[in-house]
Amino acid sequence: MAEQASIKILVNNPLRVFPMLGRQLTIDHLMAQCDDPNYQVTYIVRNAPRYGIVSKSASYEDSNQMAITNFTQKNVNESAVWYHHVSKYFSSNTTNDVFTFDAICEYAIPITNQTFNLEITVSSGGLEELLIGDKTRELVVKEGESTIIDLNTTAILTFLVNSIGIRSPTIKIELTNEPKHGRVCLDDVCDRRTFSQGHMRRNQVRYVHDHSDTLSDSLEFSVYLDIDPTAVPLCNVTIPVSIIPVNDQPFFLTQSYPNLRLVQGQSVTLTRSELLTEDPDTPPEQIVYDIVTGPAYGTICLAGIKNSVRFTQADIDAGEVVYKHDGQLKPTTFYFRVWDGQFNPVYKVFQIYVIPVTLNVTVSLPLPLLQGTYETVVNEKLFQVETNGDKDSVAYNISMNPRHGVVFINGTKSKLFSHKDLKDGRVIYRQTDLTSAADALRLSAQMHCEQSPIIRDLWLNISVEPLVKTGAFYPLTGLKSQLGVQVLNAEILAKTTSSDPKYKILRKPKFGKLKKIVRRSGDKQVIREVDVTKFSHGEIASGIVYFVAKKVLEPVEDSFPFLLTANGVQPAIGELRFHVSVAEPPSTTTPHLPTTTFKYSSTSVGKKSDIVEIARPNMSDDYLLCVGFIMAVVVASLVIVVLIRCRSKKRAEELDKMNPMPLPCPPDDLMTTSPRMDKNENHGCKVIALGPPEHAEPETDFNMRYPYGAADEEYSSSADGTEQNNPMLRRNQYWV
């Protein structure tokens with residue numbers, strides 16, 4: 001089901017009407033709106049006004065006019081609805097009138113019994129049309145002359161008598177604002193501000209222009225009904241004044257010797273400082289310059305058109321007149337005339353002085369080319385240009401091409417380009433040989449003008465910047481500092497090339513050594529550190545590359561350059577700069593990090609095997625204290641072991657003194673000739689221990705037992721009838 005439309009009254013303001021006159025209803029007085037713009041609002045007049053009629057006619061004297069009972073919002077928008085006051089029963093200065101209406105819109109609930117107020121008053125205005133005739137709608141006067149102010153006071157008097165019923169009305173006209181460029185005079189008296197209806201009727205009131213070079217003015221009057229003892233305002237009127245200028249003053253060229261100084265080969269816009277002609281009564285568009293004889297060197301252009309021979313002061317003021325020098329190192333002139341079309345023209349010579357061009361160009365920085373990319377824009381900031389001319393006019397010539405690349409200008413190989421090409425980013429260097437980390441080209445620079453200085457042997461170096469991210473590095477004097485990915489990180493290069501980038505040290509650091517932890521496999525694993533000049537990104541990521549700083553007394557700056565290579569991209573040279581500190585660096589720069597264990601295997605970077613501990617660069621005093629404590633414990637342990645060993649040795653010597661020397665082993669020939677024993681007989685050698693049986697050696701006395709074996713071991717001869725080697729006796733044993 002569709003929603004029902006609605007109607008709203010947005011404006012309902014009273015209409016003020018002068019007695020016996022009519023006035024239009026506008027949207028400032030009455031406006032209603034339907035929420036659906038396809039439907040129109042219609043007003044139905046339910047109760048007509050008492051003292052007038054609502055009509056669509058502009059004249060209340062029209063005998064064919066008829067009061068209307070309805071009208072639309074469109075009629076109001078077009079100011080086609082009028083209220084005419086027609087009642088002659090008007091006894092006071094103000095009378096009110098009303099009419100009621102309904103506002104309706106299709107498919108909407110109407111708004112009913114709305115009141116529209118009308119105020120009939122002599123102070124509401126409406127007499128301007130009667131007061132101002134066709135001649136007075138705009139006064140036209142020549143510069144410095146006068147004209148009559150013709151206000152139709154007779155029409156106002158007739159209206160007041162016939163329509164209002166005022167007998168013998170008297171009106172007066174008061175000048176409310178003085179004109180800006182003239183005066184209002186009564187005959188020859190120009191200091192009056194109030195005039196009567198008789199003065200206007202006899203054409204005694206005139207506007208006199210002050211002879212200034214102006215084009216317009218205005219007059220403002222108020223008209224009053226003079227009723228003793230007060231004056232009732234009838235209307236206010238403003239009369240525009242149009243002034244016809246008169247070219248009665250000569251023009252004046254402000255420059256006695258017009259001239260211009262410019263740098264050789266440059267273009268200069270002519271301004272009011274070089275050419276200015278003033279004329280109080282002639283606009284700039286009418287002050288004309290004609291070139292009688294043009295300049296021998298260079299051209300005059302108007303709005304981009306070369307060899308222009310005519311222009312105006314307005315063109316100069318707009319900055320459209322330009323002189324372009326052709327580069328000759330000679331002064332020149334052009335001959336011109338200027339006039340305003342009224343007075344005699346003035347002829348002058350315009351002198352042009354040429355200043356020799358100066359030029360100095362240096363190349364301050366190398367052109368960077370990021371590793372992994374193959375072309376870069378040659379930036380104008382690399383060239384330091386000092387000249388008194390236009391930088392954009394500096395021309396560059398490549399006198400020696402780069403060995404490992406090509407220079408393009410606007411996509412085409414070229415040896416010539418301008419500084420404006422650099423500024424607009426049209427000069428491109430493209431590397432074609434990916435085996436080189438640097439390139440260079442030689443240039444010369446000059447201006448396109450006579451005797452211009454030529455700057456030769458300008459070398460532009462191209463340097464491949466490594467695709468590596470560097471961070472702050474603060475090694476401490478005398479300690480090992482890890483060279484991790486927080487210092488050198490080529491992860492992006494590794495991912496881009498799908499390889500492990502390699503670093504090669506081109507110059508060793510001065511205040512320390514670069515070392516790497518290596519492991520050799522064999523019967524025994526040996527882990528040691530060696531000096532290195534090459535390492536990879538994977539080794540840095542594994543934490544096995546570190547810097548050992550020498551002991552210094554004060555902070556020193558150090559660095560080492562490196563060559564970074566990877567598969568499929570050009571090599572690049574970089575440098576890591578750092579300071580060797582004698583104290584802990586500020587915590588705001590590099591936070592303190594505890595000792596971390598890094599794991600590295602000789603077969604795989606990521607494989608966990610042998611563990612090597614490396615202290616990070618920032619070692620605190622607590623760490624040194626812990627190291628000293630551990631060393632003290634180790635020394636004490638060694639002392640205890642030595643004391644125990646000495647005590648055990650002394651005890652063994654005492655035992656040797658208490659026991660007799662053991663007998664030697666019997667000869668082997670005796671053992672072999674002895675009769676074979678019956679296996680049922682229990683014959684053999686019995687080992688009898690010397691000393692008390694309860695005696696036992698301490699288990700910790702390992703050296704006293706070696707090489708004799710354990711104390712409780714028993715050795716026997718050929719108990720089973722087989723030949724056996726004679727066992728070695730202990731010190732507390734003997735043969736029986």
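A disulfide here is a pair of cysteine sulfur atoms within 2.5 Å. The structure holds one disulfide. This is a predicted model, in which local features need pLDDT of at least 70 and side-chain atom pairs count only at pLDDT 80 or more, while totals for chains, interfaces and linings use all residues. Residues are numbered from 1 along each chain as its sequence is written, and side-chain values use heavy atoms, with hydrogens and water left out.

**Cysteines**

- Cys185 and Cys190 form the disulfide, with their sulfur atoms 1.8 Å apart.
- The torsion about their S-S bond is about 100°, so this disulfide is right-handed.
- Cys185 counts as buried at 1% relative accessibility, whereas Cys190 counts as partly exposed at 24%.
- Cys235 is buried, with a relative accessible area of 4%.
- Cys449 is buried too, at 14%.

**Nonpolar core**

- A nonpolar core is a set of buried Ala, Val, Leu, Ile, Met, Phe, Trp, Tyr and Cys residues joined through side-chain atoms within 4.5 Å.
- The largest one has 34 residues, and Ile149, Leu219, Phe221 and Leu234 have the most contacts inside it.
- Helices (H or I, at least four residues) and strands (E, at least two) are DSSP runs, numbered from the N terminus.
- Elements giving two or more residues to this core include helix 3 (153-164), strand 17 (216-227) and strand 18 (230-244).
- Strand 18 gives the largest share, seven residues.
- Domain 1 (7-121) and domain 2 (127-244) both give residues to this core, so the core lies between them. The domain bounds come from an automatic or database domain assignment.
- Contact means heavy atoms within 4.5 Å. Leaving aside neighbours within four places in sequence, Leu219 is in contact with residues including Leu139, Ile149, Tyr207 and Val241.

- Two strands pair if DSSP finds at least two bridges between them.
- An open sheet of three strands has the order 3-8-6, with antiparallel pairing.
- Strand 3 (22-25) and strand 6 (52-55) stand at the edges with a single partner strand each, so one side of each has no neighbour in the sheet.
- Neighbouring strands of this sheet are turned by 20° against each other on average, direction ignored. Axes are lines fitted to C-alpha atoms, for helices over the stretch in contact, and angles run from 0 to 180 degrees between N-to-C directions.
- Strand 3 and strand 8 (residues 81-85) run antiparallel and are joined by four bridges.
- Gln24 has Trp82 of strand 8 as its bridge partner.

**Strand 48 and its partners**

- Strand 48 (residues 556-565) is mostly covered, with seven of its 10 residues buried.
- Four bridges join strand 48 to strand 43 (residues 502-505), and the two run antiparallel.
- Lys504 stands opposite Leu563 of strand 48.
- Strand 48 also pairs with strand 49 (residues 572-580), in the antiparallel sense over nine bridges.
- Phe560 has Leu576 of strand 49 as its bridge partner.
- The hairpin of strand 48 and strand 49 has six residues between the strands, and Gly568 takes a positive phi near 80° there.

- Most residues other than glycine have a negative phi.
- Asn203 is not a glycine, yet has a positive phi of about 55°. Asn203 sits in the loop between helix 4 (197-201) and strand 16, and counts as partly exposed at 39% relative accessibility.
- Gln451, also not a glycine, has a positive phi of about 55°. Gln451 lies in the loop between strand 38 (438-447) and strand 39 (455-465), and counts as exposed at 61% relative accessibility.

Key. Buried < 20%, exposed > 50% of the residue type's maximum accessible area, 1.4 Å probe, protein only.
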